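Colleague: Please walk me through the ligand site and a few charged pairs in this model.

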Amino acid sequence: MKVLFVASELAPFAKTGGLADVMAALPPYLHRAGHDVRVFVPLYDTVDTSNLPLVRTLEIDVPLGEHRYHITVFRGHDAPPTYFLYCPALFARGRLYTSHPDEHRRFLALAFGALLSCHELGFVPDVIHGHDWQAALLPMIVKSLFPRELRGTRTLLTIHNLNYQGSFPAAAGADTNLQPELFHQELLGAGRVNFLLQGILFADGISTVSPTYANEIQTAEHGAGLDGFLRARSSTVVGILNGVDYQEWSPERDRHIPHHYRPSDLGGKARNKQALLASLGLPHDPQVPVLGVVSRLVGQKGFGLFEPAMFDLLRRHRFQLVALGSGEPALEDLFSRLAQSFPQRVGFYKGFQNSLAHLIEAGADMFVMPSRYEPCGLNQLYSLRYGTVPIVHRTGGLADTVQQWSPRTGTGTGFVFAHHDQAGLSWAIEAALATYRDPAQWQRLMHNGMAQDFSWDTQGKLYELVYERLTR
Ligand code: ADP
Ligand code: GLC
């Protein structure tokens, strides 16, 4: 099958979250499985090109309404062939996403750039697999602007997060090269165009990144205003859990951690804990459990619950907290205040740092994700593999991947709280701390988690089935 991937992130070159990890793993899986895959992403000015041998491949012009952009297409690596679109006028902003008035054009240029490049390369995809709002107009573009050239092409839209919709003033519609009648008319009348909605209306297939989230987004509570449109297309909506790239994320071979370990020999984990605490300038006591956080600090992730619950817990129990993240100032401030209030117990690194993310997974004893909603979540999957017991809110992909520990049966992989409130979070963390005090139980719990397998070899096959269904 010929598959075209279009997305705004690709690890390790351009990453703000899990989409980058998915893009770094799913296309290579499909390539290994024998499909002819092409990947298109922007060449942001933030991309570190030192390990990326770029080969100038094409020069293309992309008209967007009245605007015209020149794009140089560089081929990056080959497994699968991955193309980086160079257009400083659009992608040299010092970061991946902006709220600039041309934000919609930045990613329209990606979508059109990918299609025009494929045309030049003589690559006619069977499936165009677009990700999030940045690629969500592709189904409309294919159907209405390339009806002959791409008549056999089917489109799949994967929604990684329904709350980022690409909603713009109606004037943005003029930059899409598409007929105004194709846009949702009531919304247009109200002065808006919504890229993700247009994708939901036009894509041949719609997927999201966990089965529970696939159900949740069809409810008013989690539908972010689009649930009605998703319900109307319910038979095409599937939830496929993300996989894990265990080449990147496993304690046996992680390139970013000082000590490797495996289920049969956990000595390295204890040494990583020591290294982690040292790197944050915190004292180390092997008896004291360490709770980890690695996250974008945004409302979705639920850290509002830490105030006051985490302050109370730190006052009442012996444990340490290590956190890595950046985002909304109020949440950064919350973690800074925790670190100031408990200088020996809480370490906070404000920023984005891949190697520290790996060290926290390896060195912490437990990992907390109190997300209000979570389409899939990757860090709980990484935590499981590293024997770092996840403590999660029962929502989305967290509900699908972490099972509540039962001391009676010795089954389960973590601690799962149902109600997103102070009591729920405190209950789960206290249950984890109590279990930690029983080394035999804790070992069992760690081993249960480490034995879980979320590899792309399993999850990728589910995408192949979706492609087959779409093209049959
Ligand atoms: P989301 O995509 O919603 O941010 P996921 O759990 O799917 O959540 O993926 C987050 C990814 O981003 C993980 O690979 C995580 O390690 C990484 N990450 C998040 N914040 C940081 C940070 N501050 N530094 C390094 N890596 C981070
Ligand atoms: C989004 C979601 C996250 C998911 C990731 C990759 O960023 O917030 O839950 O794991 O996409 O699909």
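The questions below cover the ligand shell and then the salt bridges.

Modeller: This is a predicted model, in which local features need pLDDT of at least 70, side-chain atom pairs count only at pLDDT 80 or more, and totals for chains, interfaces and linings use all residues. Residues are numbered from 1 along each chain as its sequence is written, chains are lettered from A and ligands numbered from 1 in the order written, and side-chain values use heavy atoms, without hydrogens and water.

Colleague: Which element gives the largest share of the shell around ligand 1?

Modeller: The shell holds 22 residues, near meaning a heavy atom within 4 Å. Helices (H or I, at least four residues) and strands (E, at least two) are DSSP runs, numbered from the N terminus. The largest share, three residues, comes from E12.

Colleague: Is glutamate 374 buried or exposed?

Modeller: Glutamate 374 forms a salt bridge (a side-chain nitrogen of Lys or Arg within 4 Å of a carboxyl oxygen of Asp or Glu) with lysine 301, at 2.9 Å between the closest N and O atoms. The two partners are 73 residues apart in the chain. By relative accessible area (buried under 20%, exposed over 50%, partly exposed in between; 1.4 Å probe, protein chains only), glutamate 374, like lysine 301, is buried.
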